[in-house]
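This briefing describes how the parts of a protein assembly meet one another. Please keep the sequence and the structure in view while reading.

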Number of protein chains: 4
Amino acid sequence: MQLGFIGVGNIGTPMCRHLIEAGHTVLAYDVSADHLARIVNLGAQAADSPRAVAQACDIIFSSLPGPREIEQVALGEDGIIEAARPGLIYVDLSTNAPATAQEVCAALAEQGVIMLDAPVSGGVIGAERGTLAVMVGGDLKTFETCKPLLEHIGANVFHVGDIGSGCVAKLINNMLAFINTAAASEGMALGTKAGVDPHKLYDIVQASSGASWAMNQFPNKVFHGDFTPGFTIDLAYKDLRLALEMGDQLSVPLLMGSICINLMRQLRANGAGGDDMSSLARVVEDAIDWQIRAPQNM
Amino acid sequence: MQLGFIGVGNIGTPMCRHLIEAGHTVLAYDVSADHLARIVNLGAQAADSPRAVAQACDIIFSSLPGPREIEQVALGEDGIIEAARPGLIYVDLSTNAPATAQEVCAALAEQGVIMLDAPVSGGVIGAERGTLAVMVGGDLKTFETCKPLLEHIGANVFHVGDIGSGCVAKLINNMLAFINTAAASEGMALGTKAGVDPHKLYDIVQASSGASWAMNQFPNKVFHGDFTPGFTIDLAYKDLRLALEMGDQLSVPLLMGSICINLMRQLRANGAGGDDMSSLARVVEDAIDWQIRAPQNM
Amino acid sequence: MQLGFIGVGNIGTPMCRHLIEAGHTVLAYDVSADHLARIVNLGAQAADSPRAVAQACDIIFSSLPGPREIEQVALGEDGIIEAARPGLIYVDLSTNAPATAQEVCAALAEQGVIMLDAPVSGGVIGAERGTLAVMVGGDLKTFETCKPLLEHIGANVFHVGDIGSGCVAKLINNMLAFINTAAASEGMALGTKAGVDPHKLYDIVQASSGASWAMNQFPNKVFHGDFTPGFTIDLAYKDLRLALEMGDQLSVPLLMGSICINLMRQLRANGAGGDDMSSLARVVEDAIDWQIRAPQNM
Amino acid sequence: MQLGFIGVGNIGTPMCRHLIEAGHTVLAYDVSADHLARIVNLGAQAADSPRAVAQACDIIFSSLPGPREIEQVALGEDGIIEAARPGLIYVDLSTNAPATAQEVCAALAEQGVIMLDAPVSGGVIGAERGTLAVMVGGDLKTFETCKPLLEHIGANVFHVGDIGSGCVAKLINNMLAFINTAAASEGMALGTKAGVDPHKLYDIVQASSGASWAMNQFPNKVFHGDFTPGFTIDLAYKDLRLALEMGDQLSVPLLMGSICINLMRQLRANGAGGDDMSSLARVVEDAIDWQIRAPQNM
């Protein structure tokens, strides 16, 4: 079985590497010659277009920046569609708009290609460690075929539903992570201003009904004023815009999500778009110097 | 050691009962004769005023509706202060405004009484099972004295900091529980409208970065349209108002918290103040019938 | 001077009619044969494509639903660009995204065509009465050339700045109209619930610092529960999305605008997208029956 | 007819002065000896308590900071109530909580005193010029009696409804002024970032459906970065808190108002509570330097 991999950037590279290390032959393509050289060094072979990858492979993976690039790789000039044939499987690991996933899937299906949307959660570190969550939408039988491959990439592989539903689950999960971060920021700022040790407050809340995964990042990052990414505000913003667009299309009020994107706009307006997502805490309360207020020995 | 207990309502009664069952003699008072009769049936003795409780006891507990009642019981006519003396300990288990806790503590301290604020988290069910979290503010040595007693009431007993800080932690924890519930509601409404099975979405998010304690209540309550309390919107609203008042006094912006209280106002305006706190999900998306959309066999 | 007019729907028709009544010869096109027949009845001649209009005319106007249709008419198959030549002037009266206006303008400019964006404010009634405000972006000299024609269409013709700035001004104006409507709704709901006669409150606020143009619609519409459009929620929503997209692109926090679009989402989720924009008042307080509370004789 | 005036601070003094200048004898009281000396210099006589004022006068006015002071002056030790008698009229010109106005009125009514709540709008400048709006709640016949006196103080004297309704109208009017200011700030920031001259945008919006009284302050203040008060954020905040408390009591959702108070919290957290209310514009977009972008000759 010949595998293909299109898009070997910071997160695509380790995912592709896991497939190679599992013993698979991988034909790779990237618009960047540097990225392509890097993955060849890791054991892949190089192709000169998505079409060339599609011609030679049984299953193609891709990891791309967003809807525009996915459309281009799948349906554009020299794209997968130019080598489409019945039986070809295309698994897109990018974070896509659900509607775009559905449109691309339908266009490929006319040529016999089956597409899955399979966005991942866990960031560059999760990709490197192979601990990503993979949320898959599309044909169940095809999912079963691909599942052993996806398990090289991520520790938790979920089948969500029809095509596009992988992206729905990913976007909603991330929206909740961002909102819960903003909420934790308000709570921690309020507590600190009220004179409570943020570390103690953290321990209590995480053992109680206010607990969230999003708060995990506070002790090591926010409390020390460390906002090195991780997952940047700019990337979080891209995901949240896609979630809010879903709300626009489906007429679902998203007040919390809307407040959250405004906090991100404010960070971006102040040049902090490249900082870690946890810097949402800075918008809520610029005046608090967590580091000074935290006990010395922590 | 003689214990007192003032306020034996729905949550005060089981807390008081745990102390009796641990072998302590308890002298109780309540404005309601029915409540008082109920706790006497469970083994307490009855007093006719907070002052009478204070006169006879070494350590007094109270469980009251809010700041106004706490001031009345502690400092009002026939209140604790009328029998104040050095060495008396007063542990208030109510959810109070931190500023009120500090004021009452200061007034009692002038007469030698030491006060702890020790609000609890976990609701009536937690009170009955003795699994409450207890968040304590005030003098550390007095906390150590009272800790064995508080451990009859709750499974997790935390010392947070100075007087009032127990209430700070409680109010912030609850604010986060409410916001995270509203966030989960947005996410679940959006996913369901997008055609994803809410149970699958729940499983994925709870295993990923969007996870929160607040989402726990969705499968058994929200997805089935079951909004029987539990913890009512009216009680949640009372807590959130106290948290927002702290924000007003300390000039901490609380956008998420402010949106959340407006959702509660909307529920109360529609006569749903007595429903469970999870009914925040109904405001986000009235149009969704979770029950129908959920698979039949779940 | 031969004029063209592309898009003669509910608002395009009266604008085109004013040009005909001023003595101009107008060649018209519309995708709907019915719309085209209607304007021919009013004295226009019919063309079979935007290209045909462009070939025969000196100045072309258009009034279209949004960015996608404008791109199609200007740059698509059988579009204006296929008959482009130096000296041709294209004045788009639609509400467009500023970025799209700039892109279309640049593409046409390569063929010598000068484009103005000239969105209008005032609705169908303003179009019929010729009282529209026209907000024009683009080359100043071309604006001066077109101004006498635009003055047949609208009573107030403004030159705002470079291409796209007409749309910027229009979108911002409308965003403020929507927000001020939502604000007035909160104020009026609060006052009415507090027992104050809404008509008296209206008179006082409109004479004081809380006054806004947006409140004008309350006595005749909101207070009587009359939400027949006027300007629909669906149209308002389209404008507000374009304004918020500008905020996304320019990283400007728009908290008030974001809350407002959520109120619109809620109305649309409840099937009220076709109601008048003033139905924002219904979201704020469904429980208030303005009509009953208003004095009988008003 | 002997008049009394309690509270002759920055806004009380010019109001009291207008009554003196109209030929009335005024007996004044203030907690500050300096304030009292100042009004005596302007022709008043000095009393040593609210009770003393009440004993000697037929109609008493007061101008006080808020609910707490009003309760003290009316019902506290040496307060009006100690000299209460049938026929005495008390007109409170302060901005009060409607519920407090009703409680104080009821307590005085038991002794025969009739109270009106009559808060004013227009600030210190309006008070000095006698151009205030006066919004009066309470008994209509008493209103008619006092109207000629109130017309010395303000140009527009409105009877709103029952006791407390003057405060309702005042608080709602001010809430709308604040929200409209925040909205205008978002619009102006967005337009300026998009490259439009803010003065042109101002002219267009004020002639269109986005117009509001609140925008009037932009050309002379915001565009020049001039935030000298006028009406401070701290005072605006006090009014908005009272409006939101009404929303809490009446279960009226106030999303726009809630966002607005968070902008104020942010300003106060940054030490800008003493700046002019128009500094709401600074929160929306700190990055914009209006002054530089505005044309040189304006």
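A salt bridge is a side-chain nitrogen of Lys or Arg within 4 Å of a carboxyl oxygen of Asp or Glu.

The model is predicted, so local features need pLDDT of at least 70 and side-chain atom pairs count only at pLDDT 80 or more, whereas totals for chains, interfaces and linings use all residues; side-chain values use heavy atoms, with hydrogens and water left out. Residues are numbered from 1 along each chain as its sequence is written, and chains are lettered from A and ligands numbered from 1 in the order in which they are written.

**Chain A and chain B: symmetry**

- Two copies of a chain are related by a rotation about an axis and a shift along it.

**Chain A and chain B: the interface**

- The contact (heavy atoms within 4.5 Å) takes 57 residues from chain A and 57 residues from chain B.
- Of the interface residues of chain A, 100% are also interface residues in chain B, so the copies meet through the same surface.
- About 4,700 Å² is buried between chain A and chain B, and carbon and sulfur atoms give 73% of this area. Buried area is the accessible area, found with a 1.4 Å probe, that two parts lose on being put together, summed over both.
- There are 12 residue pairs in polar contact between chain A and chain B, with both residues at pLDDT 80 or more. A polar contact is a pair of N or O atoms within 3.5 Å; within protein, one must be able to donate a hydrogen and the other to accept it, and residues adjacent in sequence count only if both atoms are side-chain atoms.
- The elements of chain A that give two or more residues to the side touching chain B are β8 (132-137), β9 (154-161), α8 (165-193), α9 (198-206), α10 (233-250) and α11 (255-269). Helices (H or I, at least four residues) and strands (E, at least two) are DSSP runs, numbered from the N terminus.
- The largest share of that side of chain A, 20 residues, comes from α8(A).
- The side of chain A that touches chain B divides into 38 nonpolar, 15 polar and four charged residues. Here Ala, Val, Leu, Ile, Met, Phe, Trp, Tyr, Cys and Pro count as nonpolar, Asp, Glu, Lys and Arg as charged, and the others, Gly among them, as polar.

**Chain B and chain D**

- In this pair, 20 residues of chain B are in contact with 20 residues of chain D.
- The area buried between chain B and chain D is about 1,600 Å², with 48% given by carbon and sulfur atoms.
- B:Asp248, B:Ser251 and B:Arg265 supply 38% of the area that chain B buries against chain D, more than any other three residues.
- B:Asp248 also forms a salt bridge with D:Arg265, in which the closest N and O atoms are 2.9 Å apart.
- The polar contacts between chain B and chain D number 14 residue pairs, both residues being at pLDDT 80 or more.
- On the side of chain B that touches chain D, α10 (233-250) and α11 (255-269) of chain B each supply at least two residues, and α11(B) gives the most, with nine.
- That side of chain B has nine nonpolar, six polar and five charged residues.

**The two domains of chain A**

- Chain A is assigned domain 1 (2-161) and domain 2 (168-293), with bounds that come from an automatic or database domain assignment.
- The centres of these domains of chain A, taken over C-alpha atoms, are 30 Å apart.
- Their contact takes 11 residues from domain 1 of chain A and 10 residues from domain 2 of chain A.
- About 800 Å² is buried between domain 1 and domain 2 of chain A, of which carbon and sulfur atoms give 69%.
- In domain 1 of chain A, A:Thr95, A:Pro98 and A:Met135 lose the most area to domain 2, together 51% of what that side buries.
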